[in-house]
Amino acid sequence: MKTSFLTACVLLSAFATATLFAQDTAKPKPTTESKSLPRASLAEQLPAAATTAFLDAFAKNNVDLHSVMILKNGKVVFERWFGDNAPNKNHVMWSVSKTFASIGTGFAVTEKRFSLDDKVISFFPDDCPKEISENLAAMTVRDLLIMSSGHNTDPTGTIPFRNEAEKYDGVRWERRFFEHPVINKPGSKFVYNSLATYMLSAVIQKTTGETLFNYLRPRLFEPLGIENIVWDASPYGVSCGGWGMHIKTEDMAKFGQFLLQKGNWEGKQLLPASWIEEATTRKILQDPKVKPEESDSDWKQGYCYQIWRCRNNAFRADGKDGQFIIVMPDQNAVVIITEKTSNYQGTVNLIWEHLLPVLK
């Protein structure tokens, strides 16, 4: 399975929220009314036998399931919360945050704040090392987006997270990123890299004067009615980008529906459909030796702009412990899962086994 991704998750799991130095907790301006997703009629809901078998499979595998929400044709056809989880409670997204960073990049590129071909070092001259290698000089924003920065290992573990009682060492995360050896030619090799997503967030802040969190507020969060978000930030006030977002299950579903509708929301094109199409198209293979069409792994189907390709012509945002937004264009459906598991492929297999047949 995705070894580098799991390694990054292990690193990030050690960095509990208490160890972070700041949180972007400002709330979007209140909407005039709560924008809940429409609920399906009884006739439109999924067959009870299918959803019961789906949930029973999680119980049989002793999975700590937190919530499930399923959309079909833009309506909620099934929803359920478990344990202390509830519709009005935020849930930690971990790397699902990355896909929000991708969409933030899409807005910024559309507004011509920067281009995907811009060199990453051009935005941070004060954080560059004295000796800039040829590979580092060649790294572009596009390389950050597709996890092909040229690093041979994820540099996220070089960030000196500390508990609240200790003082941060003062070295900017941008500098940590640049100091990590760029062994490969950028664009040539997939290496899961959470700090690369942080760099996307930093580029957006450099070029817009706003944190990624605040930049997305009027462009995405407010139109979709996503409120009371928390997004962890670096000691210098840059949204973490690659992790640290906390939102509700229904907010995840809204975001998935926004992707399914190719950037359109309530009849308004918030982001060009062409960007969504570009962002969800395979850009690089996790393992060039594996043919996606011959693989039964949803982690070998190719990577897009901070988005994973899946089998069955689907794509997804996913995060540590099994947080999923799975978008299924052929079925006009979105499946949301929050849970605590180490068997990510097992969860996706259950979706294909139990839900795919009834969503057609």
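1. Let's start with helix α9, which is mostly covered: twelve of its twelve residues are buried. Bear in mind as you read that this is a predicted model. The buried residues of α9 include charged ones such as Glu250, Asp251 and Lys254, and also Met252, Phe255, Phe258, Leu259 and Leu260.

2. How far does α9 reach from its first C-alpha to its last? The helix covers residues 249–260 and spans 17 Å, close to the 16 Å expected at 1.5 Å a residue. After α9 comes Lys262, and its phi is positive, near 55 degrees.

3. Next, have a look at how two other helices meet. Helix α3 (residues 97–110) packs against helix α8 (residues 212–224) at an angle of about 75 degrees, and their axes are 10 Å apart. Angles of 65 to 115 degrees count as roughly perpendicular, and α3 and α8 are therefore roughly perpendicular to each other.

4. Which residues make this contact? From α3 come Phe100, Ala101, Ile103, Gly104, Phe107 and Ala108, while α8 brings Leu212, Tyr215, Leu216, Arg219, Leu220 and Phe221. Sorted by kind, the residues of the contact of α3 with α8 are ten nonpolar, one polar and one charged.

5. Finally, find Ser148 in the loop between α5 (141–145) and α6 (173–179). Is Ser148 buried or exposed? Its relative accessible area is 1%, so Ser148 is buried. Leaving aside neighbours within four places in sequence, Ser148 is in contact with Asp143, Pro186, Gly187, Ser188, Lys189 and Ile284. You can pick out these residues around Ser148 in the structure above.

Note on methods. Residues numbered from 1 in each chain as written. Predicted model: local features only at pLDDT ≥ 70, side-chain atom pairs only at ≥ 80, totals over all residues. Heavy atoms only, no water. Axes fitted to C-alpha atoms, helices over the stretch in contact; angles between N-to-C directions. Helix = DSSP H or I, 4+ residues; strand = E, 2+ residues; numbered from the N terminus. Parallel < 35°, antiparallel > 145°, perpendicular 65-115°, else oblique. Contact = heavy atoms within 4.5 Å. Expected span 1.5 Å × (residues − 1). Buried < 20%, exposed > 50% of the residue type's maximum accessible area, 1.4 Å probe, protein only.
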